[in-house]
Amino acid sequence: MLKSIRLTTLLGLALCIAIPVCLAQTKIIKGKVSDSKDGAPIAGATIKSDNSSIATVTGTDGTFEFRLPENATKLIISFVGYKTLELSVTSDFSNIQLEEGGSQSLSEVVVVGYGTKIKKDLTSSISRVTSKEFENLPLPSFEQALQGRASGVFINSGSGKLGQGLNIRIRGISSISANQQPYVVIDGVPVLSQPIGSYAEPDNPLASINPDDIESIEILKDAASSAIYGARASNGVILVTTKSGKAGKTKISAGVYNGWSKPTKKGGFLNAAQYRELFTAAAENAGWDVAEEFEAETGTEDWNSNNDTKWSDLSFQNGHVQQYNVSLNGGDARTKFLISGSWNDQKGILITNRLRRGNGRINVDHALNDKFRIGVNLSLSKTLNNRLYSDNSFTNPLQLNALSPLQLAYLPDGKPNPNTIYYNNLIEVANSDKLATTYQSISNAFAEWNILPTLTFRSQVGLNWNNLQEEEFLGRETIDGGPGGSSFSNQVTSTIVTYTNTLNFNKSFGENQNLDALAGIEYQSGNIEGSSVTGLAFPDDRFKKIASAAIISSGSSTATEYTFASYFAKASYKLLDRYLLGASFRVDGSSRFGKDNRYGAFPAASVGWILSEENFLKNSSAISFLKIRASYGKTGNAEIGNFSSRSLFEAAAYADISGIIASQIGVPTLSWEKTNQFDIGLDFGFANNRISGEIDYFDKDTRDLLFNVPTPAINGFSTITKNIGSMRNRGWEFVLNGTILDGPLRWTASANISTYVNKVTQLVVPVPPQSRTLGRLAEGQPFGQFYGLKYAGVDPANGDALFYKKDGTKTNDVSEADDMIVGNPNPDYYGGISTKLIYRGFDLDIQTQFVKGGDIYNIAGIFQSVNGDYFDNQTVDQMKYWKKPGDITDIPQPRLYDGNGTDKSSRWVQDGSYFRVKSVNFGYSIPRKLLSKIKLDNARVYVAALNLFTFTQYTGYDPEVNASYLNSVTLGHDFYTPPQAKTISIGLNIGL
């Protein structure tokens, strides 16, 4: 079956190329676009039709030439800062005049699954972010452009490590063990978004994508928009469209920016005097001699030293970012092209962390004649990432916080001090190398055949290729380097090829009806291969390659693959420009599932009613636009192991004799996760759309959750993948856009706020918290709920730590205390506010984001905020410890080694609410009259800031945190997790 689909695809592509050229002509129109006030020509205005994605732009004199598709009924003209204009194809285009102002246009073209739609005609819930909203910002990866800008999209950056994986949640969490990230499609090519590296914490394959290459990002949130992607859409879908060539004069654009970074926050830890005071008291209260104990634990006499090392500062460095980019863009009515290249170099705020990225792209679109169009989008990137280890590793720079200020960081000879209470990972900085190099291509080639004016066949082949090369050398002085040093080399190659054939029918029946229908088949094959080798015992630390190792201690190779075969169709019908119907249906077949459930069906339907087109509202002076829409459909999640449904065997060796052992228990009935989602929404516009917005309510019900169920180890297996439960997410989304001032000073603003309430509605096997963590899964409770001992403060009489029992009474005996609900890591609501002002060439753009709720459990508190239980340095708040009877405080009496209040509990659970000024961009566009003298079309200088201010009561480094070395159930945990960077940059963009 899968081979036949691939053959069908190739035959379709061959047929598309081989068909004789037909002689039918499309209409070529010419015109000019100018400003309605002063008649000045508008260069760069976009010209397109209502039933096609083909577009052109006006030249420097405002003129254009456009090949109008035969099925077009309207011409749509748009330009930033002007109201979008729709004209009948029979209009006079010789002097098109655009008016300044206008909010987000209802005529805006939105990318949807396998096509485009006019925003006004949507019956689904889609958020859109354009390049104008995030250009010139020093973003570590493009996904961060969505933070605070897209309703229903919750993004947690996790940490300030460069190249680190992000947590993206669209309308809540819809899975446990299967992938929780949205499905990402770039220019019609599904891409790898899951980590493939060997590190304990996930890498981010999407970090290799240049945000400056992106034209728009659409987020498909409800089933009506996402079900066309079937088995991959339960977590939502992100569609990324890169920039393409525009017909007209060839334009050269170039840009450069430089920036400087520092942490959004540094930790406050004890200095030498405070350290001595706290631990002297802790030792005396427990009956120990503090100097003797310190010497016994550290092997040094540093207790009596004059050292006062501020270890918490040594984790950080001054960061720096620079980027250079250039592009060529142009073409004519037949051929359009874009060529771009960029180089980005980010020096992180954490010692040794650095990310460098080079990108190249060529996009070409060519009309062979009136019937045939072909094109290619080619991209190649190279990313070099000097990565950091897991938060839960002594080599994590932030674990320097644990070292005593009484000990030196460096010896007099300049070498890192090896005699510290814990590993001084400055040794790692001086004696190790860790580099991950990634090559990635996201490319496609397509051919289109306009069989009839209303019927178009398209065939596309897409490639997502990733090659990851990890090199790690640990010198002999490092904690894991061994007596002669060690070197590790790992290479992983992922190749995903997708063949897509679609047939699109679009026809208007008179002036009152339109039908847009599409049918298609798709075949995808994915292959991941890897090999690694470890070498030990090097003659000198200057020899770092494995070829110099005396011992090859281990080596391995792996290979895995999967296939998907898909059939899909969708249709939308519009009657009287006000009644809207939509439906889609997809069948996916996957090699990942059992033979009894290999195929899944994913239908969706939607309706819309544009009330503002009815006679009772059509002439309303207050209501410009009003549409109600509703949808219901089913999506799936297939992102599990490639062979989870099968019983597997693997090779084993004993005493140099090879054999075979069982490694996995198969489940032939293993099936897809299925999410049924209902959505109802209201789109509105008032005062000629000067005020506009959206309101949505959604209800997502996920069943047959895939989970790696623990099994008794006595049978030789630790887990088995099963469909074991269900989960529900419900919530609201609100969006409000407005043009506050629309004169010489133009002021626009936008705000969005979203909620989701998550509940595990069925769970065959509860999932308790891991060691040191609080997150759990329990039926009837939210995902990742915190469950453990509830801290009750300090007994004023004796300084004992107290904990609650279920009956509400307190006890100082931990064994008598009861576990209970102590927090919820899911936010109550989240969103963002943006505002933009433009005046006489000056522009100011401010974007904020906020989260209310979302508790955080700081695991590191067990070590660094535990009133002197051991010699880890402590946070300064521990100086408020109990000293005498009657003291009222939350910090128990310090008692060295006695564990007074050190048990895992809500003592370190805090509210994770925050408000962040995410980005500020202030620029000046030099007048064209001045630029014309030096042959430039445009020039803009600007100052930009990222993560400028953060307001929160969370006492850790950063409230936007998630220790990613933990399992997927453990949300909102912090463990020496670094903050994000605050970056100030200056830049220049020019065009000619």
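Predicted model: local features only at pLDDT ≥ 70, side-chain atom pairs only at ≥ 80, totals over all residues.

Trainee: Take Tyr756 and Tyr830: what sort of pair do they make?
Mentor: That pair is edge-to-face, because the planes are at 70° and the cut-off for edge-to-face is over 60 degrees. The ring centres are 6.4 Å apart.

Trainee: And where do the two tyrosines sit in the chain?
Mentor: Tyr756 is in the loop between β37 (745–754) and β38 (757–763), while Tyr830 belongs to strand β45 (residues 827–839). They are 74 residues apart, and the pair links distant parts of the chain.

Trainee: Is Tyr756 buried or exposed?
Mentor: Tyr756 counts as buried, with 5% relative accessibility. Tyr830 counts as buried too, at 4%.

Trainee: What about Phe863 and Phe975, how are those rings arranged?
Mentor: Their centres are 6.1 Å apart and their planes are at 70°, so this pair is edge-to-face. Phe863 lies in helix α8 (residues 861–864), and Phe975 is in the loop between β51 (973–974) and β52 (981–991). The pair therefore ties together parts that are 112 residues apart in sequence. Phe975 is buried, at a relative accessible area of 3%.

Trainee: Which residues do ring pairs link into a cluster?
Mentor: The cluster holds Tyr275, Phe279, Trp288, Phe294, Trp303, Phe394, Tyr422, Tyr870, Phe871 and Tyr897.

Trainee: Switching to the surface: which residues make the nonpolar patch?
Mentor: Leu576, Tyr579, Trp609, Phe616, Ile628, Tyr632, Phe678, Ile680 and Leu682 make it, and the patch covers about 780 Å².

Trainee: Which strand gives the largest share?
Mentor: That's β32, with three residues. Both β29 (623–637) and β32 (673–686) supply at least two residues each.

Trainee: Where's Ile628, and how accessible is it?
Mentor: Ile628 is in strand β29. Its relative accessible area is 35%, so Ile628 is partly exposed; that class runs between 20% and 50%.

Trainee: Now charge: which residues gather in the negative patch?
Mentor: Asp289, Glu292, Glu295 and Glu301 gather there, on the surface. Asp289 lies in the loop between α3 (272–286) and α4 (290–298).

Trainee: And what's the relative accessible area of Asp289?
Mentor: It's 39%, so Asp289 is partly exposed.

Key
Residues numbered from 1 in each chain as written. Heavy atoms only, no water. Patch = residues over 30% accessible without salt bridge, like charges linked within 9 Å, V, L, I, M, F, W, Y side chains within 5 Å. Areas by Shrake-Rupley, 256 points an atom, 1.4 Å probe, with all protein chains shown as cover. Salt bridge = Lys/Arg side-chain N within 4 Å of Asp/Glu carboxyl O. Lys, Arg positive; Asp, Glu negative; His and termini not counted. Charge placed at Lys NZ, Arg CZ, Asp CG, Glu CD. Helix = DSSP H or I, 4+ residues; strand = E, 2+ residues; numbered from the N terminus. Buried < 20%, exposed > 50% of the residue type's maximum accessible area, 1.4 Å probe, protein only. Phe/Tyr/Trp six-rings, centres within 6.5 Å; stacked < 30°, edge-to-face > 60°.
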